[in-house]
Amino acid sequence: ERANKPAEALEIIKPALDLKQAGSDYNKLRLYRFYSRIARLYAYFDDFNNAEKYAKLAIQNAGTRSDLEARIAHNILALAAGQAKNFTVAESEIQKSNKLANSTDAHNCVLASAYYLGGNYKKAVSIAKAMKKSDTYSYSVCLAALGDGYLALKNSAEAKKYYQEYISLTDALKDKNIFTVRYRQQIADELLKLK
């Protein structure tokens, strides 16, 4: 995944599903990270049924852990719920993720994306606009939701503005994950149409 080869990552990780019970206690304690990663890969490929399945397994195995992998599992459940237009569940999962981060809004940009996936573009824009600007990957998720939301609302000028901000912010990121790499290309293609 870190080499931005998500298809290869998924093929490598699938056989390990059969080996999950094998190994040391040390490895079993970290099983939730494995589930979180595979949920993330399935989300990348828009396979929200499997993404949801493995995110739930990640949460079950994480116990009281609050690290990023545990929070990502809740975020993926929020995206899956948003895609299914179940915004109550999406909000609940983001509240859990925020609580694990000791924050009231750390993962609200993911909530904006969940609303976008479910077709509630005005709510997606509203949530994303309420977030404080920063130069982080998390805020880039808000910029993407703003660009996509405004484009869906037929406001090309605002969409272009936020897409350009997304490209600028992610240019400065040292590490670009699989979502960022894919999305930068999609936005670049969209910006060509908006000129």
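Here is a short chat about a helix pair and a disulfide in this predicted model.

Trainee: What makes helix 5 roughly antiparallel to helix 6?

Mentor: Look at the angle. Helix 5 (residues 68–83) and helix 6 (residues 87–100) pack at about 165 degrees, and their axes are 8 Å apart. Angles over 145 degrees count as roughly antiparallel, so helix 5 gets that label against helix 6.

Trainee: Which way does helix 5 pass helix 6?

Mentor: In a left-handed crossing.

Trainee: And which residues meet there?

Mentor: From helix 5, the list includes Arg 71, His 74, Leu 77 and Ala 81, while helix 6 brings, among them, Phe 87, Glu 93, Ile 94 and Leu 100. By class, the contact of helix 5 with helix 6 has eight nonpolar, four polar and three charged residues.

Trainee: How do you know that Cys 109 and Cys 142 form a disulfide?

Mentor: Check the sulfur atoms: those of Cys 109 and Cys 142 sit 1.9 Å apart, and the cut-off is within 2.5 Å. So the pair counts as a disulfide. The structure holds one disulfide.

Trainee: Which parts of the chain does the pair link?

Mentor: Distant ones: Cys 109 is in helix 7 (residues 108–117) and Cys 142 is in helix 9 (residues 137–152), 33 residues apart.

Trainee: Why is this disulfide called left-handed?

Mentor: Because the torsion about the S-S bond of Cys 109 and Cys 142 is about -95 degrees.

Trainee: Are those two cysteines, Cys 109 and Cys 142, buried or exposed?

Mentor: Both Cys 109 and Cys 142 are buried, and that word calls for under 20% relative accessible area.

Notes: Residues numbered from 1 in each chain as written. Predicted model: local features only at pLDDT ≥ 70, side-chain atom pairs only at ≥ 80, totals over all residues. Heavy atoms only, no water. Axes fitted to C-alpha atoms, helices over the stretch in contact; angles between N-to-C directions. Helix = DSSP H or I, 4+ residues; strand = E, 2+ residues; numbered from the N terminus. Parallel < 35°, antiparallel > 145°, perpendicular 65-115°, else oblique. Left-handed = near helix turned anticlockwise from the far one by under 90°. Contact = heavy atoms within 4.5 Å. Nonpolar A, V, L, I, M, F, W, Y, C, P; charged D, E, K, R; others polar. Buried < 20%, exposed > 50% of the residue type's maximum accessible area, 1.4 Å probe, protein only.
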